[in-house]
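Subject: Structure handover

Hello,

Please read them with the structure open.

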Amino acid sequence: MNERTALVTGANKGIGKDIARLLAAEGLTVYVGSRDRGRGQRAVEEIGAGARLLVLDVTDPGGIAQAAAQVDRLDVLVNNAGISPSLAPPADTDVEEFRRTYETNVFGVLAVTNAFLPTLRRSPRPRIVNVSSGTASLTWSTNPNPQFTPGSGGAAAYRSSKAALNALTVFYAQTLAGEGFKVNALAPGLRSTDLNPRAAAAGGDPAEAAQGALRLALLPDDGPTGGFFSWDGAPVPW
Ligand SMILES: NC(=O)c1ccc[n+]([C@@H]2O[C@H](COP(=O)([O-])OP(=O)(O)OC[C@H]3O[C@@H](n4cnc5c(N)ncnc54)[C@H](OP(=O)(O)O)[C@@H]3O)[C@@H](O)[C@H]2O)c1
């Protein structure tokens, strides 16, 4: 396969599906990552030209290896799959809840990225976009941003998992900078999806967030790496 190729994890719905749609519209071949074959296939049919199904559960090491073996070209990896099972502060959150959240949002990203790195390394312009969250910003958490409840300490498992993802973003960017990689984290803003039904009232369109991912996925050679950016391109403090 000679066309520029992308993989978006968790692309069967929500922000991920919109990211896949925009990448396909740019002419890339896009692997729609989905842990469920049927849901993934429906998204592939909806997106149309350029979309292909890749069955991928980011918490399944064997499945990740199988998926990586099916992809022989990759220029863009969007680590989008994520879960947010609890809104509780740490004092009210079971350790298992933290483990489960980190399994997808942190270890899943690590496992998928490492599995696809050999293929990304063959790209002339490798790009990695980690879909994080503004709620992971410790600066915003301590100097409250109106996007979320100031100083509540809520959604601790989710927010700390995305803070860990931000750290991974920096470390991958540093490790891979000499090889032409651009590795950045995205704060998509509040979006009305199954993960965040509370955002429905705010009416956040997932497609708007996907534009931010597209920008980071197609960064030019003089673009930034190791950064944290809002969907509109503005830098987000760590
Ligand atoms: N919505 C927001 O306001 C918001 C704000 C900040 C950040 N984000 C981030 O944006 C990303 C996308 O979220 P969303 O809002 O679009 O939520 P969503 O509609 O719930 O989509 C989440 C996607 O991740 C997939 N997924 C979950 N666990 C997975 C696993 N183990 N392996 C593979 N795929 C898995 C889901 O697949 P299934 O359909 O199989 O469950 C789904 O495709 C997440 O990383 C989220 O943290 C969202």
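A crossing of two helices is called right-handed if the near helix is turned clockwise from the far one by less than a right angle, and left-handed if it is turned anticlockwise. By that convention, α1 passes α7 in a right-handed crossing. Please keep in mind throughout that this is a predicted model.

Helix α1 with helix α7

Helix α1 covers residues 14–25 and helix α7 covers residues 206–217; their axes are 8 Å apart and the packing angle is about 55°. That angle makes α1 oblique to α7. On the α1 side, the contact is formed by Gly14, Ile15, Asp18, Ile19, Leu22 and Leu23. They meet Pro206, Ala207, Ala209, Ala210, Gln211, Ala213, Leu214 and Ala217 of α7. Sorted by class, the residues in this contact are 11 nonpolar, 2 polar and 1 charged.

Helix α1 with helix α2

Helix α1 also packs against helix α2 (residues 37–47), at an angle of about 40° and with the axes 10 Å apart. The two helices are therefore oblique to each other, and their crossing is right-handed. Here Lys17, Ala20, Arg21 and Ala24 of α1 meet Ala43, Glu46 and Ile47 of α2. The contact of α1 with α2 holds 4 nonpolar residues, no polar ones and 3 charged ones.

Helix α3 with helix α4

For helix α3 (residues 61–69) and helix α4 (residues 95–120), the axes come within 9 Å and cross at roughly 30°. Angles under 35 degrees count as roughly parallel, so α3 and α4 are roughly parallel to each other. The crossing of α3 and α4 is right-handed. Ile64, Ala67 and Ala68 of α3 make the contact with Ala111, Val112, Ala115 and Phe116 of α4. This contact consists of 7 nonpolar residues, with no polar and no charged residues.

Ligand site

How many residues surround the ligand, and which are the closest? There are 29 of them, and the closest are Arg35, Asn80, Tyr158, Arg191 and Thr193.

- Ile15: a backbone N or O atom lies 2.8 Å from an oxygen atom of the ligand.
- Lys162: a polar side-chain atom lies 2.8 Å from an oxygen atom of the ligand.
- Leu195: a polar backbone atom is 3.4 Å from an oxygen atom of the ligand.

Regards

Methods. Residues numbered from 1 in each chain as written. Predicted model: local features only at pLDDT ≥ 70, side-chain atom pairs only at ≥ 80, totals over all residues. Heavy atoms only, no water. Axes fitted to C-alpha atoms, helices over the stretch in contact; angles between N-to-C directions. Helix = DSSP H or I, 4+ residues; strand = E, 2+ residues; numbered from the N terminus. Parallel < 35°, antiparallel > 145°, perpendicular 65-115°, else oblique. Contact = heavy atoms within 4.5 Å. Nonpolar A, V, L, I, M, F, W, Y, C, P; charged D, E, K, R; others polar. Near = heavy atom within 4 Å. Polar contact = N/O pair within 3.5 Å; in protein donor to acceptor, adjacent residues only side chain to side chain.
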